[in-house]
Amino acid sequence: MIFNRFRGRSTSPGGAALALGCAAVVLATVTAPAVAAATATATATATATAPRTAATTAGAAGADAWSAASRPSPATAERRSGAGSVVSVTLVADLDAKEVVARLEKAGIDADQVRYGVRAHRIVYRTRGADGRPTTASQLVVMPRNGKRDLQVVSWLHGTTVYRGDVASVNDASTDRAAALLFASTGRAVSAPDYLGLGVGPGTHPYGDPRATVTASVDALRAARAFARQDRRILGRHVLVSGFSQGGPATMMVGRALQQGADPYFRLGALAPVAGPFDLSAFEAAAANDKVVRSSLYLAYFATAWNRLYGLYDTPGQAFRAPYDKTVETLFDGDHKASEIAAALPASSKDLFTREFLDRVRNPTGKLAQRLNALDTTCDWHPDVPVHLYHATGDKDVDFENARHCQRQLTANGAVNRLTDVGDLDHNGTVRAALPLVVRQFDAVRP
């Protein structure tokens, strides 16, 4: 859970977004009213079961010609209400190659590999929540403007974000948006899920829940495939999976699910996790001991989210000291930015949490230990494809030892793997340096 800014090259923790041991993207340009408006549009569209929420740019081709004739009737839409079906489509970017280069350069990402312009849409799709009940989620789907019919597909998995407006489908300036543009500009289709409860999805985010992470991401791929058909394009079966920070463990979980047949069409094609917190127990213990910058904020997000999911405490007072026990849970509702949350909480974990709760985090037992173990062992399997890990020894947010932890598990299972140290870089610098390397890795994968 690392809060860092992904605004330009700044890494100041004050305006940060949160990731499960990881940073995500923070954007000053996306306001709460804008997100509320997008949510209202998606909700109204979902009620009407129409697959389109906004007019497209004049002259746009392919998917932007999702015409009235191709829209399902309400009865048909109701029959197609299964997981992965498309609820709405909104054009959010239509860029030529030069404009893609400009976006990447602004984000601090090498743009030498850009070959095509791209068209990006926010897609709301049906999926299931952590409780197994039907719900909706949003994602960014980006297609290259190259005229090719058959496309490889990339699943890009971001770091967990506290503010719903900081995800790629909503935040035009986010680094996750830039990552998706990069992959698409090399000729690939990209599915970048916002996860549940973020973007224009309803409810709160089930932070760190393995089941919810996998279902939202796999259903996003299904929705992207359905959307591509409207563009008369075909997504390849073998998915190239990559993600940053929390998206590192998510990469391994989604990859394992694909290999095990979670979807009848998609298969695992490649794995490229970047700077992931693969030893979550050790990370949370470090936060409990105030050995992580803004440790109280990271640990508070973990505690409130996991309490909603698993019931870590009976009352807030069992986990949080007064007066924070009265307010801390409301801060993590998806509508507060990280900077607001940081300003409302003490910097130290020992000043925010009770001693008893911190002791539980330092020495987890019972169900807490079991839940943490699921996220400590995301690399403890045998992928049928090589795994290329990327991390930086200079990363002070997610320690480089996390990559070694993953590598040891992969090696013990006989999996082919490689770890690349991208240098003496901070957490956010790690993903900027790694992304062009991931593209080169994917270039070597046969369609």
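## D219 and its partners

Let's start with a polar side chain: that of D219 makes a polar contact with the side chain of R222 at 2.4 Å. This is a predicted model, and a further polar contact in it joins the side chains of D219 and T127 at 2.6 Å.

D219 is part of helix α5. Leaving aside residues up to four places away in sequence, D219 touches A83, G84, Y125, R126, T127 and R128. Is D219 buried or exposed? D219 counts as buried because its relative accessibility is 4%, under the 20% cut-off.

Nonpolar side chains tend to be buried together in soluble globular proteins. Here, the largest nonpolar core has 87 residues, and L235, L258, W306, F320, F332 and F353 touch the most other members. Helix α5, spanning residues 210-230, gives the most to this core, with 11 residues.

## The disulfide

The structure holds 1 disulfide, which joins C379 to C406 with an S to S distance of 2.0 Å. The link is left-handed, with -95° about the S-S bond.

Which parts of the chain does the pair link? C379 sits in the loop between α13 (366-376) and β8 (387-391), while C406 belongs to helix α14 (residues 401-412); these distant parts of the chain place the two cysteines 27 residues apart. C379 counts as buried at 0% relative accessibility, and C406 counts as buried at 0% too.

Key: Residues numbered from 1 in each chain as written. Predicted model: local features only at pLDDT ≥ 70, side-chain atom pairs only at ≥ 80, totals over all residues. Heavy atoms only, no water. Core = buried A, V, L, I, M, F, W, Y, C linked by side-chain atoms within 4.5 Å. Buried < 20%, exposed > 50% of the residue type's maximum accessible area, 1.4 Å probe, protein only. Helix = DSSP H or I, 4+ residues; strand = E, 2+ residues; numbered from the N terminus. Polar contact = N/O pair within 3.5 Å; in protein donor to acceptor, adjacent residues only side chain to side chain. Contact = heavy atoms within 4.5 Å. Disulfide = S-S within 2.5 Å.
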